[in-house]
Amino acid sequence: MILQHFTDNDLYKFTVMLAIQRLYPWAWVRYEFTDRNETRFPENFARELRKEVDAMSRLAMTAEEKEYITRRCYFFDPAFIDFLEGYRYDPSEVTINQREGKLKVSIEGHWFRTVLWEVPLLALISELYFRMKGTSPQDIETNAIRKGQRLREIQADFSDFGTRRRYSFDVHDRVVKYLQAEGGENFKGTSNVYLGMKYNTTPIGTMPHEWFMYHGALYGYRSATQKALEAWVDVYQGSLGISLTDTYTTDVFYDSFSLKQAKLFDGVRWDSGDPFHFTEQTLEFYRENRIDPGSKTIVYSDSLNLERVEQIKKYVDNRIHDTYGIGTYFTNDVGVTPLNIVIKLSEVKENTRKPYHYVVKLSDVAGKHTGDPEEIRLCKQTLNIP
């Protein structure tokens, strides 16, 4: 059994789970797996993955995990923590097929339940793939120490965001250990709740793209940003205040981001497009709204490496607080080519009696939009995006 811990998952999956449970308990959704590189998976991969998914039904929160979440995740109420203690993965929610090496995975069920599958399932696919390929990781300690030391030297605040496409749990575990040791005060934590507990550091995370995608599909693309942010505030009352901006492009986000929300939210996250243009766009937005940019934060998180972090940090030049969420470059820089895989919402409905609606995500990079092509066209047309 590859996955051994219930909280071996990213914090944002738990935070959005609570928000869904609180506001949309009847919502029913479908997720689809996408392999952007169209990898040919080893023979019988689907069969082995099925065994691992079935074994996840045995995962349960331990007393130690519950104590850590109660202590460090102050934004979770006791009823939700008790719910997590009783939660069990239902493997029947996951469908797995393989044809001519191509892997197909889908997830379907109540949103508040199925939301937990995405990150551990991606991590599981990645680790199983490299096991079945017979590869061995190289230079784990050397690379992690070098990166932690350099990030501390340039005074870049950083966190580990590397669960989903890691080489393996063991590599991830060791990397976080070395990053914490070498990064000093600039190491701010990890998105992985279990490793946050193991190394007594801060669990990092707020909201995902799927939160905006659901609201866009059900309430309309023009009102999606406002509706999603107001709903988040209703649940968390100002906690977990970093917002994604690129679900329907950053231009659309800033057209919708109200003064009230801009003052309430601690900052924004850059996850696609040009980081330098995004920085200027964000600074201009805060200044136009008479908000001191120095009181806000940008979390940079798209395909980062040391060179990219240094470039961005030099450009920001202390005009706003900058911090960096680094993923695959931390947890799968071991001499292999990482998989380029995602699991995204594809369809949603308010309850089982209603029809499905397609969901889409528009990137700040042209040509990287995801979802049904006709729905993407409709979304762009609605938002006046060329």
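Student: Quick one to start: in which sense do β6 and strand β7 pair, and over how many bridges?

Tutor: They pair in the parallel sense, over 3 bridges, with β7 covering residues 267-270. Strands here are DSSP runs of E with at least two residues, helices are H or I runs of at least four, and both are numbered from the N terminus. Two strands count as paired if DSSP finds at least two bridges between them.

Student: Before we go on, what kind of model is this?

Tutor: It's a predicted model, where local features need pLDDT of at least 70 and side-chain atom pairs count only at pLDDT 80 or more, while totals for chains, interfaces and linings use all residues. Residues are numbered from 1 along each chain as its sequence is written, and side-chain values use heavy atoms, with hydrogens and water left out.

Student: OK, back to the strands. Which residue is the bridge partner of L244 in β7?

Tutor: R269 is the partner of L244.

Student: And what's the strand order in the open sheet?

Tutor: The sheet has 6 strands in the order β5-β4-β9-β8-β7-β6, with parallel pairing. β5 (187-190) and β6 are the edge strands, each pairing on one side only. From one strand to the next, the twist averages 25°.

Student: Which helix lies across β7 and β8?

Tutor: That's α14 (residues 275-288), and it runs at about 165° to β7. Axes are lines fitted to C-alpha atoms, for helices over the stretch in contact, and angles run from 0 to 180 degrees between N-to-C directions. Contact means heavy atoms within 4.5 Å.

Student: Switching topic. How many salt bridges are there?

Tutor: There are 28, taking a salt bridge as a side-chain nitrogen of Lys or Arg within 4 Å of a carboxyl oxygen of Asp or Glu.

Student: Are K361 and D246 buried or exposed?

Tutor: Both are buried, where buried means under 20% relative accessible area, exposed over 50% and partly exposed in between (1.4 Å probe, protein chains only). E93 is buried as well, with a relative accessible area of 9%.

Student: What about K313 and its accessibility?

Tutor: K313 counts as buried because its relative accessibility is 17%. Its salt-bridge partner is D322, with the closest N and O atoms 3.2 Å apart, and D322 is buried at 4%. Separately, shared partners join K13, E118, R164 and E210 into one network.

Student: Now the core. Which residues have the most contacts inside the largest nonpolar one?

Tutor: L49, F76, W111, I125, W211 and Y248, in a core of 124 residues. Such a core is a set of buried Ala, Val, Leu, Ile, Met, Phe, Trp, Tyr and Cys residues joined through side-chain atoms within 4.5 Å. Helix α11 (residues 224-236) gives the most to this core, with 8 residues.

Student: What does Y248 touch?

Tutor: Beyond its neighbours within four places in sequence, Y248 contacts residues including F212, M213, Y221, V360, L362 and I385.

Student: Anything on W232 – which helix is it in?

Tutor: W232 lies in helix α11 and is buried, at 1% relative accessibility. Among its contacts outside four places in sequence are T15, V16, W211, L240 and F265.
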